[in-house]
Amino acid sequence: MKKNSIPPLPDGELDVMQAVWACAPPVTRAQIHEILENTHPMAPTTLLTVLSRLAKKGFLRIEKATEETGDRFSRYIPLVSQAEYLASQSRRFFDRLCGGSLPAFAEALCDSGLSREELEELRRLLKEDAI
């Protein structure tokens, strides 16, 4: 999937992808479920449906595996990194909502509720070429 063509994800799918990104790949359904349990609880069947959807959209690859006991399970490998997704969605926001206008983007950042300290940190990062 090309970086600029990464589609935005609905909130539920994004929650699952963030849980996947929080783990070292490959990830199991149990690991994802454990991360989501406190903040975004989801029935196991719902989680499996969301994981299948993410695979169909090209965000994950599903690998079938077998435990020593003979039980089969799936492992999930992200095909889109969190950094790639964030970059794509940031660009999408800049182009679609700000019309590609840097002043409009800067104004949106200032009006977003970011604290003065956060804006100063952003200024420092830009000045130091740290981003």
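The legends below describe close-up views of a predicted model.

**Figure 1. Helices α1 and α2 cross each other.** Helix α1 covers residues 11–21 and helix α2 covers residues 29–39. Two packed helices are described by the angle between their axes and the distance between the axes. Here the axes come within 9 Å and cross at roughly 120°. The crossing of α1 and α2 is right-handed.

**Figure 2. Residues of α1 meet residues of α2.** On the α1 side, the contact is made by Asp15, Val16, Ala19 and Val20. Their counterparts in α2 are Ile32, Ile35 and Leu36. The residues of this contact divide into six nonpolar, no polar and one charged.

**Figure 3. Three strands form an open sheet.** The strand order is β1-β3-β2, and the pairing is antiparallel. Strands β1 (27–28) and β2 (60–66) each have a single partner strand, so one side of each is left without a neighbour in the sheet. Strands of a sheet pair through backbone hydrogen bonds, either parallel or antiparallel.

**Figure 4. Strand β1 pairs with strand β3, and α1 packs on the sheet.** Strand β3 covers residues 72–78 and is joined to β1 in the antiparallel sense over two bridges. Within this pair, Val27 stands opposite Tyr76 in β3. Helix α1 touches β1, β2 and β3, and the direction of α1 makes about 90° with that of β3.

Figure 5. The mean pLDDT of the protein chain is 90, and 97% of its residues reach 70 or more.

Terms used. Residues are numbered from 1 along each chain as its sequence is written. This is a predicted model: local features need pLDDT of at least 70, side-chain atom pairs count only at pLDDT 80 or more; totals for chains, interfaces and linings use all residues. Side-chain values use heavy atoms; hydrogens and water are left out. Axes are lines fitted to C-alpha atoms, for helices over the stretch in contact, and angles run from 0 to 180 degrees between N-to-C directions. Helices (H or I, at least four residues) and strands (E, at least two) are DSSP runs, numbered from the N terminus. A crossing is left-handed if the near helix is turned anticlockwise from the far one by less than a right angle, and right-handed if clockwise. Contact means heavy atoms within 4.5 Å. Ala, Val, Leu, Ile, Met, Phe, Trp, Tyr, Cys and Pro count as nonpolar, Asp, Glu, Lys and Arg as charged, and the others, Gly among them, as polar. Two strands pair if DSSP finds at least two bridges between them. pLDDT is the predictor's confidence in each residue, from 0 to 100.
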